[in-house]
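This report walks through one protein chain. Keep the sequence and the 3D view at hand while reading.

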Amino acid sequence: MSDLETKPTPGTAAGAQINPSTSKAGAWLSHLLADLGKNGIFIALLVVVLLFTVLTDGILLRPQNISNLIVQNGYILVLAIGMVMVIIAGHIDLSVGSVAAFVGACSGVFAVTWGLPWWLSIILSLLVGALVGVWQGFWIAFVGIPAFIVTLAGMLIFRGLALAVLGNANIGSFPAEYRALGNGFLNNVFGEFDLDPLTIGVAVIAIIALIVQQMRTRAGRAKYGQEVEPIVWFVAKLALISVAIGLFGWALASYKGIPVTLIVLAVLILVYGIIMNRSVFGRHIYAIGGNLHAAELSGIKTRNVTFWLFVNMGVLAALAGLIFTARLNLAGPKAGDGFELEAISAAFIGGAAVTGGVGTIGGAIIGGLIIGVLNNGMSIMGIGIEWQQAVKGLVLLLAVAFDVYNKRRAGGR
């Protein structure tokens with residue numbers, strides 16, 4: 001027998017075997033760490049919420065404030081959905097704030113000055129946004145001018161057009177149906193109650209749908225022999241998320257019900273989540289951002305994808321402008337200031353890569369919520385706007401630095 005066969009492993013007795021319970025604990029720990037790595041942005045949101053809950057003596061999590069968080073940040077979350085798609089493809093859009101202001105001004109002319117029906121004003125405004133996207137997409141996709149330059153020019157062009165349409169004045173007020181887009185609530189459908197039953201019912205349905213979807217996904221992975229997480233951790237995660245959804249639904253139900261802005265956001269998240277994860281168009285966006293030349297060689301019509309990507313961004317910028325205008329009940333020259341910076345920040349804080357090819361709709365939404373909680377929490381604490389800007393800038397810098405660090409670690413550098 002050789003020395004190698006008889007020599008015990010350092011720190012163990014000769015012939016000792018690995019304890020199965022220790023092995024199982026190690027597997028659970030590895031799953032836990034892997035999940036924490038994948039859901040780091042969600043954990044960051046929880047940490048920010050808990051921090052400001054303590055610093056504001058619980059004001060942050062009052063039902064009215066939770067509802068206000070959604071209503072006040074709805075337009076940023078809409079922009080973040082479009083922006084993360086643009087960034088995944090390796091581009092950027094600096095014009096979304098000016099486009100939102102321009103479309104808001106146009107909607108004021110349609111609904112107030114011309115007296116068109118509210119629904120027609122919204123449709124025409126979205127068409128204006130689509131035309132803006134066609135304009136910018138043409139220069140980027142077919143002429144070949146970098147998106148940074150085209151949208152920088154667009155930021156100036158559409159800001160100027162917004163001022164021209166408004167004549168340096170404000171336009172208001174808008175019809176009640178139009179204002180509901182930014183300030184409306186879906187409640188009292190079944191009568192007046194202390195807790196709105198419709199909101200509670202929607203929360204319960206959301207919890208059931210989540211549980212069914214997660215169980216089907218787990219069963220599918222097990223069926224094809226893929227590794228699945230330990231059942232205890234799986235159940236614990238589902239329980240935590242279900243409790244969070246339940247508390248969120250309770251908060252909305254105890255205030256005014258479901259904000260119309262939240263309904264719009266839920267539809268957008270569902271639709272664009274399917275587009276990015278299950279459609280050919282979504283896979284092409286990731287492919288272009290990952291490696292443009294490889295995407296071209298594989299037969300992807302990169303110009304067409306880029307063109308429609310910016311048309312989509314124009315429509316979402318228009319929708320964000322409508323939500324913001326409806327919330328203020330006013331189309332003004334200063335609308336849209338800084339929107340592009342907050343949308344870009346939301347995408348990067350949510351995990352989008354600077355070089356493209358990486359990012360998710362859910363991550364961008366969570367990134368936008370982190371910005372919203374920072375804004376709201378610091379405002380409650382009475383912190384000045386100058387320090388709010390500094391803190392948000394620092395958070396963005398740290399998020400991008402974390403992305404760069406991960407890439408270097410993955411590359412072994």
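Start with threonine 325. The residue touches Gly104, Ser107, Phe174, Tyr178, Leu330 and Ala331, leaving out residues up to four places away in sequence; contact means heavy atoms within 4.5 Å. Threonine 325 lies in helix α14, residues 302-328. Helices are DSSP runs of H or I with at least four residues, strands are runs of E with at least two, and both are numbered from the N terminus. Is threonine 325 buried or exposed? It is buried, because its relative accessible area is 2%. Buried means under 20% relative accessible area, exposed means over 50%, and partly exposed lies in between, with a 1.4 Å probe and protein chains only. A polar atom of the threonine 325 side chain lies 2.7 Å from the backbone oxygen of glycine 321.

This is a predicted model, in which local features need pLDDT of at least 70, side-chain atom pairs count only at pLDDT 80 or more, and totals for chains, interfaces and linings use all residues. Residues are numbered from 1 along each chain as its sequence is written, and side-chain values use heavy atoms, with hydrogens and water left out.

**The chain as a whole**

The mean pLDDT of the chain is 87, and 89% of its residues reach 70 or more. This score is the predictor's confidence in each residue, from 0 to 100. Over residues 1-16 the pLDDT is below 50. That stretch has three contacts in the model beyond near neighbours in sequence.

The chain has 17 helices and two strands. Of its 413 residues, 42% are buried. Take the contacts between residues at least 6 apart in sequence: 79% of them join residues at least 24 apart. The accessible surface is about 21600 Å², and carbon and sulfur atoms hold 68% of it. Accessible areas come from the Shrake-Rupley method with a 1.4 Å probe; for residues, only the protein chains shown count as cover.

Leucine 79 is found in helix α4, residues 63-88. Its relative accessible area is 0%, so leucine 79 is buried. Beyond its neighbours within four places in sequence, leucine 79 is in contact with Val96, Met313, Leu316, Ala317, Ala320, Phe339 and Ala343. Leucine 79 and alanine 347 are 268 residues apart along the chain, and their C-alpha atoms are separated by 9.5 Å.

Leucine 152 sits in helix α7, residues 147-166. At a relative accessible area of 31%, leucine 152 is partly exposed. Its contacts, neighbours within four places aside, are Leu94 and Ala147. Isoleucine 92 is 60 residues from leucine 152 in sequence, and 9.7 Å away C-alpha to C-alpha.

Helix α5 covers residues 96-113 and has 18 residues. Its end C-alpha atoms are 24 Å apart, close to the 26 Å expected at 1.5 Å a residue. The expected span is 1.5 Å times one less than the number of residues. How many residues of α5 are buried? The count is 16 of the 18, so α5 is largely enclosed by the rest of the structure. Just after α5, glycine 115 has a positive phi of about 70 degrees.

Helix α9 has 27 residues, 197-223, which should span 39 Å; its end C-alpha atoms are 39 Å apart, in agreement. The buried residues of α9 are Leu198, Thr199, Ala203, Ile207, Leu210 and Arg218. Their cover includes β1 (185-186), α10 (231-253) and β2 (258-259). Glycine 225 follows α9, with a positive phi near 75 degrees.

**Aromatic residues**

The structure holds twelve aromatic pairs. Rings of Phe, Tyr and Trp (its six-membered ring) pair if their centres lie within 6.5 Å; planes under 30 degrees apart count as stacked, over 60 as edge-to-face and the rest as tilted. Two of these pairs are set out here.

| Pair | Centre to centre | Angle between planes | Type |
|---|---|---|---|
| Tryptophan 135 and tryptophan 139 | 5.6 Å | 75 degrees | edge-to-face |
| Phenylalanine 138 and phenylalanine 142 | 6.5 Å | 45 degrees | tilted |

Tryptophan 135 and tryptophan 139 both lie in helix α6, residues 118-143, four residues apart. Phenylalanine 138 and phenylalanine 142 are also both in α6, four residues apart, about one turn of the helix. An α-helix has 3.6 residues a turn, so residues three or four places apart point the same way.

Tryptophan 135 is partly exposed at 44% relative accessible area, and tryptophan 139 is partly exposed at 29%. Phenylalanine 138 is partly exposed at 40%, and phenylalanine 142 is partly exposed at 37%. Trp135, Phe138, Trp139, Phe142, Phe307 and Trp308 form one aromatic cluster.

Terms used:
A polar contact is a pair of N or O atoms within 3.5 Å; within protein, one must be able to donate a hydrogen and the other to accept it, and residues adjacent in sequence count only if both atoms are side-chain atoms.
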